[in-house]
Amino acid sequence: MVVFFLLLLPVLGLAGRLFWLQVVQGDALAQQARSRQAPSIRPVAIRRPIVDRQGEVLAWDEVRVRIWAHPVYFQFPGDRDGQRRSAAEVSQRLAPVLNLPAADLEQRLSGQGSSIRLLEHLSPETGELVKALGISGIDVEIYPQRRYPQGELFANVVGFLNLERQPQAGLELSRNTQLQQGERSPWRLGAGAGAVLPVHTLSMGAITDDAVPLQLSLDARLQRAAYTALSAAMEQWTATRGAVMVMDVHNGELLALASQPSFDPGRFWQANPRHFRGWPVEDLYEPGSTFKPVNLAIALEEGVIHGNSTVHDTGSVVVESWTLHNNRNQVHGVITMPQVLQVSSNVGMVKTMLRLSRERYWRWLHRLEIEQAPDTDLPGATAGQLKSLQVFRSNPIHAATASFGQGIALTPLKLLQLHAALANGGWLVRPHVVRGLRNNGNAMVATPHLPQRKRVFQEASTATVRNWMAAATRPAQAPGAGLQPRPVAGKSGTSQKALHGSYDPDTVITSFVAHLPTDQPRFVVLAVVDEPRGQETYGTTVALPVTYRVIDSIMALDNLLPAHGGTG
């Protein structure tokens, strides 16, 4: 009996220990086991393609193959149980399929651990040939690799994934959840020591090509034309950076958003990280004279000017202790509002806007949401800068400089939105590039919710400003001016840049904005070229030719406008 109980005690101890491990700690230990079996393997999300408005592919997941080797399991079809093949034998069979020397494969398979990542970035066809060999211990894993066939053309909009397939910029980051599909690859089972076991690798059929794409409003043909025109100007003027944007004024869709410097998202590691930013959406600048039409619409709304108003341009104007001048100190005398825009009279604008109380002027800028980030699906949208009401009201110099587009700051995207309001009859629309998910039948599956348009100007005021802009643009298109006529209402801008607390007259940012066609505009085109170098660097010499080349592309691509370019 004593011996029996002595033998029984260890059995009872083992039973108690098993009860403790399996029942009391069972869940915790099972979770710990799973975490050790797959310590660093994350499920790989299959991402949707991104396409332009015509269906041209901008980003997609390409199917690639990775080969895993597990030497302890090497067997050929028909081998008896327990038989193991050597690395040399396996290499001889793999070499013709992988188009590699057998000696190189043998070297990779010898003297390493029990789980070897043999090769990757292979084609699915190669993977099928490897599978057909039927070698036990050789596993074929299918995985997606993000491709960007347009290169740097859409990089600042689309963004990119890093080598771990984590989104880093652009729509890849801001639309990450929408771009991920529900299907995910199975996890790979690993031993406790971390070796990958030959089970649960992704099968050939796990990645399909029928994913519903995310469609953008951008047009690759127009984007390419804009990028090419911008590149030529950047090279000609040795500029620091530039951007070209085209917007549908009625719904806020962007048909082109080209910017430089750019980068190849497929080789992002070779690029300067500063180039990953979409600067037309994220960076502020002082718009200069391209803001003058917006100010004239405000003055019309307030009744301080009308269709036949004039102003006396004396070449300079004193505001408190400040003396403000026209470009090159030109004196224009008594001029009409279209002439104010044509000669880009700073003095005329200051005298016009000072007819309005500073508080009313500020409230108009506030109503236009200058100091708010534009409501857009483009990531990184930045709010503009506007002095506080107290500062703006107490010091008239702020209202004076704002009248010709200096002293306030906004993004090129915000300026485009404001000009769209002038072009569409006074409505503030939401700038956006995402149209929604579209299936193979070209039917929209899901569309983003767009907020209601906000009226900021009366239609009569915007029509008057557009007529003034058209009248101001015609002299630049007259015979002898070197420009072929286009049916546009435009305005150039050349604004000095603030450096170290003061404006540098030799460092400018040039721009040109155009509404087209003149009557019932459909598009607004904005070109911005920053810090051009050379003689005669103005909006009319640097940015206007870029805008006109893009307008020519719009006319050619969509047959929107008559080829003769009449002004309507």
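What pLDDT does the chain average, and what share of the residues score at least 70? The chain averages a pLDDT of 86, and 87% of the residues score at least 70; pLDDT is the predictor's confidence in each residue, on a scale from 0 to 100. Over residues 38–43 the pLDDT is below 50, and this stretch has seven contacts in the model beyond near neighbours in sequence, a contact being heavy atoms within 4.5 Å. The pLDDT is also below 50 over residues 561–568, a stretch with 16 contacts beyond near neighbours in sequence. Where pLDDT is low, the predicted coordinates should not be read in detail.

The structure is a predicted model, in which local features need pLDDT of at least 70 and side-chain atom pairs count only at pLDDT 80 or more, while totals for chains, interfaces and linings use all residues. Residues are numbered from 1 along each chain as its sequence is written, and side-chain values use heavy atoms, with hydrogens and water left out.

An open sheet is formed by five strands in the order S11-S10-S22-S21-S20, with antiparallel pairing. Strands (E, at least two residues) and helices (H or I, at least four) are DSSP runs numbered from the N terminus, and two strands pair if DSSP finds at least two bridges between them. Strand S11 (254–260) and strand S20 (489–499) are the edge strands, each pairing on one side only. From one strand to the next, the twist averages 15°. Strand S10 (residues 241–248) is joined to S11 by six bridges, and Ala243 stands opposite Ser259 in S11. Helix H17 (residues 412–423) packs on the sheet, where it touches S10, S11, strand S21 (502–516) and strand S22 (523–530). The direction of H17 makes about 150° with that of S22; such angles run from 0 to 180 degrees between N-to-C directions, and axes are lines fitted to C-alpha atoms, for helices over the stretch in contact.

Helix H3 (residues 87–98) packs against helix H5 (residues 124–133) at an angle of about 155°, with the axes 10 Å apart. The two helices are therefore roughly antiparallel to each other, a description that applies to angles over 145 degrees. Arg93, Leu94, Val97 and Leu98 in H3 meet Thr126, Leu129, Val130 and Leu133 in H5.

Val157 lies in helix H6 (residues 155–158) and is buried, with a relative accessible area of 2% (buried means under 20%, with a 1.4 Å probe and protein chains only). Leaving aside neighbours within four places in sequence, Val157 is in contact with Gly170, Leu171, Leu218, Leu257 and Leu378. The C-alpha atoms of Val157 and Leu171 are separated by 6.3 Å, although these residues are 14 residues apart along the chain.

Conventions: Buried < 20%, exposed > 50% of the residue type's maximum accessible area, 1.4 Å probe, protein only. Parallel < 35°, antiparallel > 145°, perpendicular 65-115°, else oblique.
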